[in-house]
Amino acid sequence: MDKLQYEYILIRYGELTTKGKNKKDFIRKLADNMRLALGDFEGLTFERTRDHIYIHLHGNDPDKIEPILKKVFGIRSFSKAIKTENDLDKIVQCALLLMQDKKGTFKVITKRANKKFPIHSDEVNRKVASNLLMKYAPDLHVDVHDPQFPLIVEIREQNTYLMCQTVLGAQGYPVGVAGKAMLMLSGGIDSPVAGYLAMKRGVQIECIHYCSQPYTSEAALNKVKELARMLAPYQGSIALHVVPFTETQLAIYKHCDESYAITMMRRMMYRLAERLAKQQNCLAIVNGESIGQVASQTLDSMGVINEVTSMPVIRPVVTYDKLEIIAIARNIGTYETSILPFEDCCTIFNPKNPTTKPRIDKCRWYEEKYDFETLLDKALEEKETIYIYPNTKFEDEDIF
């Protein structure tokens, strides 16, 4: 028996199949995103069709490509495939090659997209299955209801493709088809999950992080960089804008009642996020707010805080409880980093009794006590922008 050599990876589209006239734009963007994600593999070529994308491997190892493809949004599933001629005997030989090391249950599923192929699907199924049983029974046996190896025989116009294992993709829309947004990225559990869910809906993200050094440590900043690096594979790279926030926070605590400190701080954060978002041609702000989780996330507080911006604010986890958010964080790998014990700007100045029902008029009265506009202008002027890629190395990674 010849050695098995996969020649293609067949990509099945996700939700973008529901699109109409702009479906081809979604497919083109998905192909572009895959090229970007797989840029380290030389020789790959991509064939787009209305129903699939075929990645021609040209000798590349599909097992090294698989974990990267699993983080490309817009893919429902994918399979490693081999190709043969539209000839039943050669289809059988390829099926024997594909299944030679498999043990368990199988079912042959023939998809005869080429209606000119003279043999009907049922007959192909029987022919392939009988040869597999003669060759590999009892290691292989048929289960038509829940097979471990659904052997797909796809007969197309020019060639036939065979595959026996399906890998689930990330689903959603290709990143970038829905525009760009500014993610308010803290060091906590919620905001990385919010960024992930926004990207899943096709939104490209940049990140703003509010830094309160020297009250926060360099380790806290490295933690945020690491979270950005964990999100980077889903869109190729991420711009992280680190904005100094200490002077603004100190002014808030000097001029405002402590019970209003968090509300005032969030209003300033929204103002900074909106200004930076407009500079970077973003269409919205994204954050990890969840109703009722903390004092600043009651509906009363959200309304008062949201009042300072006219830009859409997207809250992907707004109705999720903490356990649901943690489950997603574990799934995408950010949880263990998020819970590292390094305080961010929200926790170091956390008041004992924050108000849950702030008043807009009182917020405006506090804001008249100091020149916050100058503080915000200065913060943006002094921001540091870091471009983070999946393979970016940081100077001090011992904490991870």
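This is a predicted model: local features need pLDDT of at least 70, side-chain atom pairs count only at pLDDT 80 or more; totals for chains, interfaces and linings use all residues.
Which residues make the nonpolar surface patch of about 210 Å²?

**View 1. Helix H8, residues 261-279, from end to end.** Here's a quick length check. H8 has 19 residues, and at 1.5 Å a residue it should span 27 Å. The C-alpha atoms at its ends sit 27 Å apart, so expectation and model agree.

**View 2. Asn131, a buried residue of helix H4.** H4 covers residues 121-136, and Asn131 is part of it. Is Asn131 buried or exposed? Its relative accessibility is 19%, and since the cut-off for buried is under 20%, Asn131 counts as buried. Its side chain reaches back to the backbone oxygen of Lys127, at 2.8 Å. Leaving aside residues up to four places away in sequence, Asn131 also touches Val92 and Leu96.

**View 3. The nonpolar patch around Val144.** Back to the opening question: Leu133, Val142 and Val144 make this surface patch of about 210 Å². Where does Val144 sit? You'll find Val144 in the loop that runs between strand E6 (140-142) and strand E7 (149-155). With a relative accessible area of 45%, Val144 is partly exposed.

How values were computed. Residues are numbered from 1 along each chain as its sequence is written. Side-chain values use heavy atoms; hydrogens and water are left out. Helices (H or I, at least four residues) and strands (E, at least two) are DSSP runs, numbered from the N terminus. The expected span of a helix is 1.5 Å times one less than its number of residues. Buried means under 20% relative accessible area, exposed over 50%, partly exposed in between (1.4 Å probe, protein chains only). A polar contact is a pair of N or O atoms within 3.5 Å; within protein, one must be able to donate a hydrogen and the other to accept it, and residues adjacent in sequence count only if both atoms are side-chain atoms. Contact means heavy atoms within 4.5 Å. Patches are made of residues with over 30% relative accessible area and no salt bridge: like charges are joined within 9 Å, nonpolar side chains (Val, Leu, Ile, Met, Phe, Trp, Tyr) within 5 Å. Accessible areas come from the Shrake-Rupley method with a 1.4 Å probe; for residues, only the protein chains shown count as cover. A salt bridge is a side-chain nitrogen of Lys or Arg within 4 Å of a carboxyl oxygen of Asp or Glu.
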